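Work through the exercises below with the sequence and the structure side by side, and try each task before reading its solution.

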Amino acid sequence: MLESIIETVENEHRKRPFGRVRMIRLTLGALAAAEAESLRFCFAIIAEGSVAEGARLDIDTVRGAGWCADCEASVALTERYAPCPVCGGARLRLTAGEELQLTEIEVE
Amino acid sequence: MCAICGCGGGDHAHSHGLSDRSHALASPPYASSDHSHAPSIEFGAGLAAVHIPGWSPQRTIRIERAILSKNDALAEINRLRLRAADVFALNFVSSPGSGKTSLLVRTITDVLSRRPIAVIEGDQQTSLDADRIRRAGAPAVQLNTGNGCHLDAHMVAQSLDELSPIPGSLLFIENVGNLVCPAAFDLGEAHKVVVLSVTEGEDKPLKYPNMFAAADLMLLNKTDLLPHVEFDMQACVEAARRVNPAIDILPVSARTGAGLSAFYDWIEARRLSYATAPPGIEPLNRRISR
């Protein structure tokens, strides 16, 4: 995942050259298949030798939410594929929390 | 006291850039008795050492791109390529030791006379599994991921160059034994098949929901061991349906062959419906169901 982030930044650098990358901002859903802590832990190692070396990694976390067809309401979700935490029903559609996006970079 | 630098005022000679505020005295309190506070704004202080109106040396570039989009794009190319070659690909995922390779060996033995089969074997290291597949009579490519925990679409594309499966064949991709990461990586397959053996817990679909949600078929393997283990088949089916109400479930034993004919029928039925489905529908469906 981090390699694909660095690759996107390097592609951007080829398109419109810039100096140092100061910051990389990710949007990460709380229920997405990635952990903010692991990403932070590995980032410096993966970025080494690339245009993003020394950049700060900012991660915006999006909480999980779903639409329950029985409650007819939006409910907060802390687990995927779990029943509605309010009514226990199964007619639940995930509406937020799966984001995994490279949002923006700040460069010099 | 000098209001700008806080020095004793008049103790030493210094200038604040204002002609009438210079003050000078005989006994300076500081070693450096001369300094200047001339107000200045450095437009060329940034890395670029130049100022252009409306352009800051530090800027933000909006990207807003899904992080796995590169893999998804490569997977779509694989999918189109496989479809054009009339090759039906299944991506087998499970924990290590669920019996994926034995299941494939048995399937090759039973089906190869009717339909050509090619296999991509993913493991951290060794070519032991590909050797077993080749001994069963099918061409196989071994992919060693080293420290990687999953196969990705690029690896599969390279294997396809190597294998070039003949039209009408089945392509079995045996992913690295791991119930977590392979769920997130589309390889361009028609379906993911998750293999769960009865020697594991029946609650695995709840503990590793992403994988069971991504799969279209769950094979419950090693059913010949059911009399010897505590495994609640009904609870397992309920757990799987809870994370994926549409999942197909077939109990099989790769060792005795029990239930395998239903699996072979499933493959043929899905191969037919996949071949006749208009291309371009599946990626759309996947995007909707995500």
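This is a predicted model: local features need pLDDT of at least 70, side-chain atom pairs count only at pLDDT 80 or more; totals for chains, interfaces and linings use all residues.

Residues are numbered from 1 along each chain as its sequence is written, chains are lettered from A in the order in which they are written, and side-chain values use heavy atoms, without hydrogens and water.

**Exercise 1.** Describe the surroundings of B:Ser94.

*Solution.* Next, B:Ser94 counts as buried because its relative accessibility is 0%, and buried means under 20% relative accessible area with a 1.4 Å probe, protein chains only. Finally, leaving aside neighbours within four places in sequence, B:Ser94 is in contact (heavy atoms within 4.5 Å) with residues including B:Lys100, B:Val176 and B:Val195.

**Exercise 2.** Find the order of the four strands in the open sheet, and its edges.

*Solution.* The strands follow the order 2(A)-1(A)-6(A)-1(B), with mixed pairing, where two strands pair if DSSP finds at least two bridges between them. At the edges are strand 2 (56–62) of chain A and strand 1 (59–66) of chain B, each of which pairs on one side only. Within the sheet, strand 1 (residues 21–29) and strand 6 (residues 100–107) of chain A pair in the antiparallel sense over seven bridges, and A:Val21 has A:Val107 in strand 6 as its bridge partner.

Conventions: Buried means under 20% relative accessible area, exposed over 50%, partly exposed in between (1.4 Å probe, protein chains only). Helices (H or I, at least four residues) and strands (E, at least two) are DSSP runs, numbered from the N terminus.
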